[in-house]
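This report describes a ligand site and the packing of helices around it. Please look over the sequence and the model before reading on.

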Amino acid sequence: QPITTDMATLTKEVKKFARDKKLEIETLKIKEEYRREFLGNVSHELKTPLFTVQGYILTLLDGAMEDKTIRKKYLQRAEKGVERLIYIVKDLDMITKLEVGDINIEPSRFNVVEVVQNVFDLLEMRAAKKNITLSFDTFYKQPIFVLADQDKIQQVITNLVMNSIKYGKTGGTTEIGIENLVDNKVIIRVTDNGEGIEKQNISRLFERFYRVDKSGARSEGGSGLGLAIVKHIIESHNEKIYVESEFGVGSEFSFTLEKAK
Ligand code: ADP
């Protein structure tokens, strides 16, 4: 490179260099902050179920093991805690891969009606425990073909239906509707008549680890990552996700997909 002799140019270059470096440092700081916050959230999420499992094991070792019925009950509860830990770790793995861009969207042509049916079959028992009816509101008894990553879309629908059960009222209903839109898209809606979400919380729902109810008193613990995963998957498809909710009345989550020929 030629040596700059012009003082004005030199000053300009030095200033630009300093500005670039400052920007670089700022970016690194933000990344570091993000990483620290993420780790903090992760350990927080893991702590509750870990302590629960430890609690049951300690009680068993303390003598509860002698009683056959108590033994079984505590072992079942410990197992539930481990199950929850597995869910959290799976979600963490998924969100990390999605954020790093380590996951490929592999579109194929598939029947979305069948996928909804799969999800219903898998979650029927869970819904029944809360006396929630899963209903497939569609006049399309015929297949609807879309172009998307089938496994990921099944995960999206699973997360949304799971939430509608978790935050649904006992005796309530979750309804799925699929509608054809004009511009080569379909829209899939998951509607519940559950607890609903207050307006001021709606914009933050898709953030990682965000929960409306922050108390540990929640009977249904997730990872707080379900909707962040949903949003990532839908956006990686270049599609859109919407939420409408009324506190005390219910919620509707909907997203678009590309129709297949
Ligand atoms: P998680 O369910 O594990 O807490 P999510 O990311 O799936 O995490 O959801 C984030 C939050 O959004 C939930 O904690 C809940 O407060 C709220 N939420 C999600 N779906 C619904 C729903 N169908 N009805 C009411 N609130 C909901």
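Axes are lines fitted to C-alpha atoms, for helices over the stretch in contact, and angles run from 0 to 180 degrees between N-to-C directions. Helices (H or I, at least four residues) and strands (E, at least two) are DSSP runs, numbered from the N terminus. The model is predicted, and local features need pLDDT of at least 70, side-chain atom pairs count only at pLDDT 80 or more, while totals for chains, interfaces and linings use all residues. Residues are numbered from 1 along each chain as its sequence is written, and side-chain values use heavy atoms, with hydrogens and water left out.

**Helix packing**

Two packed helices are described by the angle between their axes and the distance between the axes.

| Helix pair | Angle | Axis distance |
|---|---|---|
| α2 (68-100) and α6 | about 35° | 10 Å |
| α3 and α4 | about 35° | 10 Å |
| α4 and α6 | roughly 145° | within 9 Å |

A crossing is left-handed if the near helix is turned anticlockwise from the far one by less than a right angle, and right-handed if clockwise. The crossing of α2 and α6 is left-handed. Here D91, M94, I95, L98 and E99 of α2 are in contact (heavy atoms within 4.5 Å) with A228, I229, H232 and I233 of α6. This contact has six nonpolar, one polar and two charged residues. For these classes, Ala, Val, Leu, Ile, Met, Phe, Trp, Tyr, Cys and Pro count as nonpolar, Asp, Glu, Lys and Arg as charged, and the others, Gly among them, as polar.

α3 passes α4 in a right-handed crossing. The residues that make the contact include V115, V116 and F120 of α3 and Q150, I157 and I165 of α4. By class, the contact of α3 with α4 has eleven nonpolar, four polar and one charged residues.

α4 and α6 cross in the left-handed sense. Their contact involves K152, I153, Q155, V156, N159, L160 and N163 on α4, and G226, L227, I229, V230, I233 and I234 on α6. These residues divide into eight nonpolar, four polar and one charged.

**Ligand site**

Which residues lie closest to the ligand? They are K166, Y167, D192, G224 and L227, among the 18 residues that surround the ligand; a residue is counted as near if one of its heavy atoms lies within 4 Å. The shell comprises eight nonpolar, seven polar and three charged residues.

A polar side-chain atom of Y167 is 2.6 Å from a ligand oxygen. A backbone N or O atom of L227 lies 2.9 Å from an oxygen atom of the ligand, and a polar backbone atom of G226 is 3.3 Å from one. The protein covers 98% of the 530 Å² of accessible area that the ligand has on its own, by the Shrake-Rupley method with a 1.4 Å probe. Two or more residues of the shell come from each of α4 (150-166), α6 (226-236) and β7 (250-259).

**Backbone in two loops**

Most residues other than glycine have a negative phi. N131, which is not a glycine, has a positive phi of about 60°, and is placed in the loop between α3 (112-129) and β2 (133-137). N184 is likewise not a glycine and has a positive phi of about 65°. N184 lies in the loop between β4 (173-180) and β5 (185-192).

Terms used. Polar contact = N/O pair within 3.5 Å; in protein donor to acceptor, adjacent residues only side chain to side chain.
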